Structures are given as C-alpha cells and as structure tokens.
Amino acid sequence: MELITENIGEITIVTLMEKELDAGNAKWFKSQMLSIVKKSKKIILDMNHVQFVDSSGCGVILSWLRTITSNGGDMKLVSVQKPVQALFELVRMHRIVEILEDREMAIRSFG
Amino acid sequence: MNPHRGKILIADDDPIIRIILKKLFGKTGFEVITAQNGKEAVDLISNEIRAVILDLEMPVMDGIECLQFIRKNVRDISPIMLTASEDFTSAVEAMRYGAFDYITKPFNPKQLIALVDKAIETDAQAKRLRRVEAELAKSRDQEIETASKIQQALLMGIPPKNFKGMEIANWTIPSQKVDGDFYDFITIDSQCLDVVVGDVMGKGIASALMGAALKSYFLRAIHELELSCAHDDMLPEPDAIVGRVQSAMIHQMEELETFVTLCYARFDLSRNQMRFVDCGHMRTIQYLKESQTCILLQGINMPIGFPETEPFTQFIAPFSKGDFFFFYSDGLTEAMDSHGHLFGEERLVKSVKACSGLSPNEIIKGVWADIVKFSGTETFRDDFTCVVVKIDPHDIPMLQPDVESRMTFSSDLKELSGIRQFIRNFCEPIPEELLCEARISMIELAVTEVVTNIIRHAYSGRSDAIVQVTASLFPDMFLIEFVDKGKSFNPEDVPHPNFDGSRDGGFGIYIVSQIMDDVVYSRDKDNTNYTKLKIFLKPSL
C-alpha cells in the first residue's frame, strides 16, 4: 500500500497508489494522511488510480477534509474515476468536497 | 253561485270578518268553511281544502300555531295570514313558517281575492312539480336497479375455483348509484392467470354497459393475439392485450366522452412474478411475506380512452410464497367519515397489513370492517370492489435459478476485494443490456457495504467468523444472499445519514437501499442472519 507525495510551493499533492479504498484499507489511509496534514494546509488528493471507494473510504476523506478546513486549509480531489464519482454523487459528497478534472486545475484554483 | 272552485277555510275570531269573507268568497265560487279559532281550523282542515286564510290573533290556538300544523300535515296548502295593522313581527314570523303571504286589516277585497288565486295556483304548481320529481326518482331507481343487475351479472367475473398455486377472493358491494367497476379472471394456462380490475368513469347504465363491453373486448383481444402469434408458441403479453383493447375501443370511448382506469395483471407461476399494465388505476398493494411489508404497485400509463397512449408500459412484480396482491376500487379509499375525511391509501395499506395473516376472504372482510368503523356506515357513496390474489404458501415450488455460485470467506475486512471480484466474475456473462457496467460497479459497492456491516456490527470486528455469499441468476432477477451467525441487525435502528459532511459514517445502509431494487433482512430461529439483495434485470418498479 502506497501514497506518493509531491510538494509544489505550499501545495502538497497526494497520489493514492491503491486501486481500491474500502473498509479494508481505510484505517491505513487515515493514519498515512496524518503526517501530511500536519505539514500542509493545501492538499490535492489525486484519485487517478482509484477505481473503487466505499462509504468507509468516503468517511476518511470527509474526516480529513473537516480537520484541514478547520485549520484554515483546503483539500481538493482530482482525476476521480467514473465509479467513484457515482458513489460521491450517491452520498452527495460532490457538494462538500471540491472535485477538479486534473492537478493543474487544482493548483490554479489554489491560486 | 255554484261552488265550482272548491273549498276555502277561513279562521278568524271576529264574526264580522267571517261574515264578510264568507260572502266575498261565496260570490267568487268557493264553498266557504269558517272557524272561530285555530283549534277549529285544525279540526276542519282536509285535503279537499284548496286555500286557507288565517287570522294571526285568535283565542285557543293562534294563527302561527295553526299555520305550523297545516304546513306540517297538508303539504299542498300555503295559508294567507290576516294581520292587524302594525303587527309586522308576527307577519314576518308567519312567512318564515311557510305562509304564502299576509294582508293587513282593513283589507281591499279585490286584493285578497287575487292573493288567494295566486296561492292556489302556486300550490298547484308545487304539487305538479313534486309529482314529476317522484316519477323521475322512480325511473332513476329503475335505472339503478337495471345497472346494478348488469353490474352483478356482467361486470363481476367469477374467479377460477381451483387454480393451483393461488387463492383468490373477490367482493363487491354496489353503491346507491352504480359505478362502472368491473373485474374479470382469465385462465391462460395452468401456470398463468390474468386478472383485470377496472373502473369506467361515470355512473349508471352507460358506464355499466361500457364496462361489460370492455370485458368482452379483453377476451377478444387475447383470442386474436393468440391466433396471430400461434406460430411461435408465444402468449400475448399484458401490454399487447391492453394496447389492442385501447385501439379497438378508443373511438367509441371518445364518442361517449368517457375513459377507463384499469390494471391488467398476469400471475405467472412459472416465473414467480406478476406482470402488469396499470392505466391510472388505484395502486395495487402487494404484501411481501418475507419482509412483512406492503409495497404499492404503480404504472405510468394514462387511462384507456385517452388519445395517443400507446405503447403501454408493463412492469414486473416478483412474488414469493405467501405474498398477496390487493386490488381495489376508489370506493375504498374515498370512503368518508362524518367530518368529511377520506379513508385514504395510507389507512388502507395499514388495514391490509394488519390482516396479512388471514385468508383472502378474511382479508377483504377485515378491510371492510375497518372502513365501516372509520366511516360509521355500511352504505358507501361509491362501489366497494376488491380482489385479493394470494400466492399459495404450500402449492408452488420455489423457483430454481439458472446459475448459482457460492463463496465462503472469513469475517476480515481484507476479504472485501475478493468478494467484489467474486461478484464481478459472476456478472460477467450477463448481457450488457440487462446489467450494464455502471450498475455492476454499484452492486460491488452495495456488496462491500453489506459485508463491512456484517463484519463490523454482527461480528463486532472479529475476523475469525464465517460469512457465506450466494449469487443466483433468475430469468428476471439477480439475487445476492449473505448468511452470517452474528448479532441480529435491524436496519430501522440505523439513523438516516447526514449529507452535510459533519459525520463520516452512517452511509452504508443508505447506499445499499439506494442501489438495490429490494433489500430484505431476516433472522431465523437458529440465530442465523440472512441479507438478500435483489436487482431486477428488466424495467422494474
């Protein structure tokens, strides 16, 4: 299981290298994000490799989003795959977290 | 002068007035009867008297009291009141009690004569009107009787006595007015029974006849369609049958400015499903024995007789042993209580559910009793029509799936990926048009949520227990069943999810209910939990 992080200025881009984010690896993902969130307030989560997310996966993303925004930062999602987008729409998550087409757009939107 | 104009009764305590009036009306052709007070007048009144003049102020019984007696007992006479000048209060009161008019003393004789003539003419007209009304009512009653005979003889079909696999009950109470309610049962073969339940707009003979015509058109449509598709050994489907009836009858119905709401249902025991075409009829109630719930079956078609409604859309309602279907007319839901409240669909569903353990006949009686209790009467404004079809809990064999696959796994969240792969592999041979890629992804999601729920809650996170999943494919349905031995689960205990991002969890059950066509949780006496997820593979509810 792997997360790749890159820094562009103040922004940290996190690429989830997993194909799936479900109850089986949600805890691991949650703990991995801890050190990143401590260091950065502007986070882009690249979902390009993720073909499947369940409600536990959603829960972790929502939980970190709350922490980050309460610290005055923001987290944006990019390259969300079709089946994952379908889930986000089902639980109305697309209204809570900003979802952008690719990382360039996300970087620009952070200004 | 010959008293050719009949009798007039004059009551006044003043003898002078009596003499004057007797002379006056005697000359105009009346036989005059006089009374000294109201009591005498009451004794003298009869149907032979054509006009009455009453003094308001009289001893023993006054004019008002006498007037009230006359109005109550001799319908066709409206008395004229005599009143002393400036006694308007009593005069106005007299008018309220049904006096024809009043005249003040001293009176002008010509005016009084004219008034009496007018009263007689008016009373005669009222009498004629009443007679005509009575005749009309009588002929209306005859029409109702005829219509009600047509209804009983022609509109209400008789269910087959021993259709193996189904138990059927039907009941009609015609209303005072006769609606166009009708129903019929058509045995297609040993596995298929068609039930038609309908309601022609309007009342009386016209709608009763239209209902009868429709019923025979259904038989004709089935026969013609059978002939035309005999070569490929296919039975005509409900949508084709209803479409044929619509096109055959549309012109007549437009001419008569009427339309028909109906539900055409085919009970197919070979596939354990009811296929139906609903054309704006009351929503049929299906009771599901397994989950002990009621669902309402609704179609999207316009009533028959509306132009351009073809083609008709047909829906599938899968059934299991012990389920039943409750068809009914608007007479049930539109029954009113004394405050004008309607019985309504919600109360009906509740009543049907409360009777669910009974036989079809007893279900109808139970619902009827609830409606009578609610409305406080046994006579309804509209026809009370219902048909109950119960799938026999003993007689039908359980449907065998075309393909079935089973997997057992440990209650470890690390297994989720493998379970999704199992579902994906199973779905692969199902044609894309029945189950598309996007839907398979959603099924994987629902399955993940169910298994996570079992591991986290039923097994409290233990990873050494066992969960079994079985995927079965039926002609029209994809069924996924999970079996576990953990703690019991009641989906009603789970709070509705928050969509504002304030909570991380609580979405699982919601997601499953949104994706699946039907979800059933049950637990048997050996403390085994069953979670059944159903996906219908054709246009479904």
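What follows covers the basis of the model, the interface, a pocket and a cavity.

## Basis

This is a predicted model, in which local features need pLDDT of at least 70 and side-chain atom pairs count only at pLDDT 80 or more, while totals for chains, interfaces and linings use all residues. Residues are numbered from 1 along each chain as its sequence is written, chains are lettered from A and ligands numbered from 1 in the order in which they are written, and side-chain values use heavy atoms, with hydrogens and water left out.

## The interface of chain B and chain A

The contact (heavy atoms within 4.5 Å) takes 20 residues from chain A and 24 residues from chain B. In chain B, the residues losing the most area to chain A are B:Arg420, B:Phe499 and B:Asp504, which together make up 29% of what that side buries. Between them the two chains bury about 1800 Å², with 60% of it on carbon and sulfur atoms; buried area is the accessible area (1.4 Å probe) lost on putting two parts together, summed over both.

Two salt bridges are counted between chain B and chain A, a salt bridge being a side-chain nitrogen of Lys or Arg within 4 Å of a carboxyl oxygen of Asp or Glu. B:Arg420 and A:Glu20 meet through their side chains in a salt bridge, at 3.1 Å from N to O. On the side of chain B that touches chain A, α11 (416-427), α12 and α13 each supply at least two residues (helices are DSSP runs of H or I, at least four residues, and strands runs of E, at least two, numbered from the N terminus). The largest share of that side, eight residues, comes from α12(B).

## The second largest pocket

The second largest pocket has a volume of about 690 Å³ and a lining of 30 residues, of which A:Ser55, A:Ser56, B:Thr452, B:Arg456 and B:His457 lie nearest its centre. On a 1 Å grid over the protein atoms alone, a pocket is an open set of points with protein on both sides within 12 Å along at least five of seven lines, a cavity is a set where a 1.4 Å probe fits but cannot get out, and lining residues have an atom within 4 Å of a point. A volume is the space filled by probe spheres set on the points, which are joined across faces, edges and corners.

The largest share of this pocket's lining, five residues, comes from α12(B).

## The cavity

A search of the whole structure finds one cavity of 30 Å³ or more, and the largest cavity has a volume of about 50 Å³. Its lining consists of A:Phe52, A:Val53, A:Pro83, A:Val84, A:Leu87, B:Ser441, B:Met442 and B:Leu445.
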